[in-house]
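Biologist: Can you walk me through this model? I'd like the overall picture, then a few spots up close.

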Amino acid sequence: MTRPVPAIVILGNGSLATARSIQQVYPEALIHGLAERVEDADRVYHEFGATLRELYQQGTPIIALCAAGIVIRTLAPLLLEKGAEPPVLAVAEDGSAVVPLLGGLGGVNVMAREIANALEVSAAITTSGELRFGTCLLNPPSGYALGDLESGKRFVSDLLAGETVRIEGEAPWLAQAQLPEDAQARLAVHVGHAERAPAANELLIYPRNVVVAVSAGVTNVATAVREALHQVKVAVQSLACLLAADTEMANPALREAALELGVPLRFASAEAGIGERLRAAIGQPVSILGNDTVAIAVAGQPVAPLQIGRPRGRLAVIGLGPGAAELMVPAVKAELARATDVLGYETYVRMAGPFRADQVLHCTDNREEMQRARHAFELAAQGRSVVVVSSGDPGVFAMAAAVLEALHESSDAHWHNVDLEILPGVSASLATAAQAGAPLGHDFCVLSLSDNLKPWAIIEKRLDLAAQADLALAFYNPISRSRPWQLGQALDIVARHRVPETPVVLGRDIGRPGQTLRVTTLGQLTPDQVDMRTMVLIGSSTTCVFPRAENGVWVYTPRWYGNKPGS
Ligand code: SAH
């Protein structure tokens, strides 16, 4: 199985050389550098604590080039939470020390040795079992699963106290370990896929060499799988993945079963019978057990689930927010990290990066929305994990609607089977409003002034009615070289219903380098103050302005309307 890609986190330029050496060990890892302090990082962050905690919560292995104490203090609030723990290491800025801190069962010591090797120092391994036996018995390699952690800890401490051990079954990774082996030992490491009752003197390790195929129409899938395995005395811990027909991709019962059983869900062509499907997918000799609805394949060796059949494709339409990384929602960051393919207008794709070398970028012109949407489905239908990027929110004058329209128009079952999700972002109107105060604090209306996709007459009518209704107004796409006169006309319409003193906020490149925020009035606003990178917010009759202690003013629209409550 592929290991998750670590993040290398640095605080200053002084660590960059060491970070680059570590990156040679993990070429896909990105170096995250503190903005203002690091000039040449792959990705910048603004807040060390928040960044580290976010990475940890996403399960990303962390290599932090700073004092171990800083890392511990930063992650401390999260350490009591249950769940899998990613490896976390502290490495001295100058590369002179490598300290594995957390994630013993996630392979932190293995990483510590890999990094220490590259830096030509020795890793500060403190795990007794690992030091004594040269391996962490409780962390078998991928392809094998530990039976039970708690009894395992007891087993290892018995060994450390001087007991000897036998190995039953095939444990190739232990060949190099320095275990106190003795054929007569009371303790045994038992490796096998047969169902087996736990015993105090045994460390059970299961090879993941079993694949179960379920046919359509099986209800209670997880229970059916457990029962079928139990009938043939095969341990559920040896299950490497579930295999289903590709016509069943969108079946939520299968997804839930895979989640409950804790294994990946893979798909193969529905044409063959399930036994045949299993044989074809596994690619090594197997014996087939079970029945017509739940078939069980047992292979001689562990199987790599990600090489069996194919996964359900995924398509996520994401919003990057206005630009600044802190304003991107964590779900979007996680989606970008798992993407195999990224589609979008080149500017936004660049804004979403940097990307790893294994991620494919498909940059297209801004106008080719429907084509891009169809391309995204074609890729996702092949089982890829596709991201379509929009700035701000994908549902606000952006790609989400185009993607849904492409799907609506399609009768291709493969497209409809794709795991489609829309992930929101902070839209430009909201990001701009927040910087100005709360100009959209009461009812407001969002309009695009672009008449590329709708007649100008409709825009005029909506403007007139919205202005008449005294809604605060947010204009997207206010002006462009090919639409030079529309904004002037729009302002004339608004002026029929609003006084010239009405506050106006102009936010340009909000959340991006060189952002500007300007507060003016309707009477003073002219189209030449606005360009296509500007958000125009026009207040309602109740919107007010007052000076800030620092420079500038606050703009807000009160929550009440008509008579102020309580006065
Ligand atoms: N989906 C985007 C909007 C796309 S329409 C969102 O939700 O924000 C493009 C228009 O949005 C631009 O013409 C501009 O009016 C506005 N816009 C987008 N990003 C902006 C930013 N960072 N600052 C100011 N306006 C922005």
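Biologist: What should I know about where the numbers come from?

Modeller: This is a predicted model, so local features need pLDDT of at least 70 and side-chain atom pairs count only at pLDDT 80 or more, while totals for chains, interfaces and linings use all residues. Residues are numbered from 1 along each chain as its sequence is written, and side-chain values use heavy atoms, leaving out hydrogens and water.

Biologist: OK. How many helices and strands does the chain have?

Modeller: There are 17 helices and 28 strands. Those are DSSP runs numbered from the N terminus: helices are H or I with at least four residues, strands are E with at least two. The C-alpha atoms fill a box of roughly 95 × 60 × 50 Å along the principal axes.

Biologist: And what percentage of the residues count as buried?

Modeller: 47% of the 567 residues. Buried means under 20% relative accessible area, exposed means over 50%, and partly exposed is in between, using a 1.4 Å probe and protein chains only.

Biologist: Show me a covered strand. How many residues of strand 12 are buried?

Modeller: Seven of seven, across residues 239–245. Strand 12 pairs in parallel with strand 11 (residues 210–214) over four bridges; two strands pair if DSSP finds at least two bridges between them. Val 211 has Cys 241 of strand 12 as its bridge partner.

Biologist: Which strand runs parallel to strand 12 over another four bridges?

Modeller: Strand 13, residues 265–268. There, Ala 244 is bridged to Phe 267. The chain gets from strand 12 to strand 13 through helix 8 (residues 252–261), in a right-handed β-α-β crossover. Right-handed here means that, with the strands pointing away from the viewer, the path from the first strand over the helix to the second runs clockwise. Strand 11, helix 7 (residues 221–231) and strand 12 also form a right-handed β-α-β unit.

Biologist: Switching topic: which residues of helix 15 are buried?

Modeller: In helix 15 (residues 428–436), they are Ser 429, Ala 431, Thr 432, Ala 433 and Ala 436. Their cover includes strand 23 (472–476) and strand 24 (503–508). Just after helix 15, Gly 437 has a positive phi of about 135 degrees.

Biologist: Is Ser 540 buried or exposed?

Modeller: Ser 540 is buried, at 4% relative accessible area. It sits in the loop between strand 26 and strand 27 (544–547). Beyond neighbours within four places in sequence, Ser 540 contacts Asp 470, Leu 471, Ala 472, Arg 498, Thr 502 and Thr 557, where contact means heavy atoms within 4.5 Å.

Biologist: What about Val 403, where is that?

Modeller: Val 403 is in helix 13 (residues 399–409), and is buried at 0% relative accessibility. Setting aside neighbours within four places, its contacts include Leu 315, Val 317 and Phe 377.

Biologist: Last one: how does Val 5 sit?

Modeller: Val 5 is partly exposed, with a relative accessible area of 25%. It lies in the segment before strand 1 (7–10).
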